[in-house]
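Take a look at the chain below. Follow it from one end to the other, then read on.

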Amino acid sequence: MTKQDLQIRTRDGVAGAGLFRSANASSTKAGVILYQDAFGPRPALDSMAERLANEGYAVLVPDLFYRNAPYGPFDAKTAFVEEKSKAALMALVSGTTQDMTISDSGALIDALASEGVTGPVGTVGYCMGGGRALNAAATYPDRIRAAASFHGGNLASDAADSPHRKAASIKARVYVGTSGIDRSFPPEQSARLAEALRVAEVDHVIENYAGMAHGWCVPDHSVFNAAGAERHWKRLTTLFAETLI
């Protein structure tokens, strides 16, 4: 496994990112952009990127919080429990808008291409990254063929930048894995997203992971669930195997 540290120029500055590839891959044409959860890039996300890279993809993990660097690091198990770190996290999340990440995503796709990854692209996001994975698919439909969200919040909210509002622009296959109970994505939002994707004739699946809590996929999270995480890996790798060809 190789990790290459990149500095990607965006409209607003320079974003750090890690690019992961299998050392055995002589030429990787398909790429994946992994959009972080609220705790930012860290070893736990690196390990997830490595697992995807071992499936034969070039996996890019960008720092979406680069506009406010330096920050953290944060402990995913305690960051929302301690008031100081919670306030810092909420400022980072609220200060990094969907529009910012949509703009950044064009630069991320270009960065993959400049590294020789010129084939189809998939996106996957966790927590705050879930909506960004879907919005990227809507904004760059000619490059992104698959988009996945796991425990993504506010995917069909009343906000103007809610991903469900751009469903008509999505050409990618979409998979949404939801926590059993998640205040950031309640049943009424799930129904609204499903209807928007259906009307737009987007090939999609929305699956409820009953018994899983928000954050169950990420190994350093306090609610990590190994069985649920393996189920998520099966769905995600199948999605990419069937679309990034």
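Which residue in strand 2 is the bridge partner of Thr10? The partner is Gly13. Keep in mind that this is a predicted model.

**Strands**

That bridge belongs to a wider pairing. Strand 1 covers residues 2-10, and it pairs with strand 2 in the antiparallel sense over 9 bridges. The two strands form a hairpin, with 2 residues between them. Strand 2 also pairs with strand 4, again in the antiparallel sense, over 4 bridges. Here Phe20 has Val59 of strand 4 as its bridge partner. Strand 2 spans residues 13-21 and is mostly covered, with 7 of its 9 residues buried.

**The whole chain**

Now step back. The protein chain has 6 helices and 8 strands. Starting at the N terminus, their order is β-β-β-α-β-α-α-β-α-β-β-α-β-α. The radius of gyration is 16 Å, close to the 18 Å that the globule rule gives for 245 residues, so the chain is as compact as a globular protein of that length. Its C-alpha atoms fill a box of roughly 45 × 45 × 35 Å along the principal axes. Of the 245 residues, 54% count as buried.

Among contacts with a separation of 6 or more, 75% are between residues 24 or more positions apart. The accessible surface comes to about 10,600 Å². Carbon and sulfur atoms hold 51% of that surface.

**Aromatic rings**

A pair of aromatic rings is described by the distance of the centres and the angle of the planes. The count here is 7 aromatic pairs. Two of them are set out below.

| Pair | Centre to centre | Angle between planes | Type |
|---|---|---|---|
| Phe65 and Tyr71 | 5.5 Å | 80° | edge-to-face |
| Tyr209 and Trp216 | 4.6 Å | 35° | tilted |

Are Phe65 and Tyr71 buried or partly exposed? Phe65 counts as buried because its relative accessibility is 0%. Tyr71 counts as partly exposed because its value is 22%; the buried class needs under 20%.

Tyr209 and Trp216 are both buried. The charged end of Arg231 sits over the ring of Tyr209, 4.0 Å from its centre.

Technical notes: Residues are numbered from 1 along each chain as its sequence is written. This is a predicted model: local features need pLDDT of at least 70, side-chain atom pairs count only at pLDDT 80 or more; totals for chains, interfaces and linings use all residues. Side-chain values use heavy atoms; hydrogens and water are left out. Rings of Phe, Tyr and Trp (its six-membered ring) pair if their centres lie within 6.5 Å; planes under 30 degrees apart count as stacked, over 60 as edge-to-face and the rest as tilted. Buried means under 20% relative accessible area, exposed over 50%, partly exposed in between (1.4 Å probe, protein chains only). A charge sits over a ring if NZ of Lys or CZ of Arg is within 6 Å of the ring centre and within 35 degrees of the ring normal. Two strands pair if DSSP finds at least two bridges between them. The radius of gyration is taken over C-alpha atoms; the globule rule is 2.2 Å times the number of residues to the power 0.38. Contact means heavy atoms within 4.5 Å. Accessible areas come from the Shrake-Rupley method with a 1.4 Å probe; for residues, only the protein chains shown count as cover.
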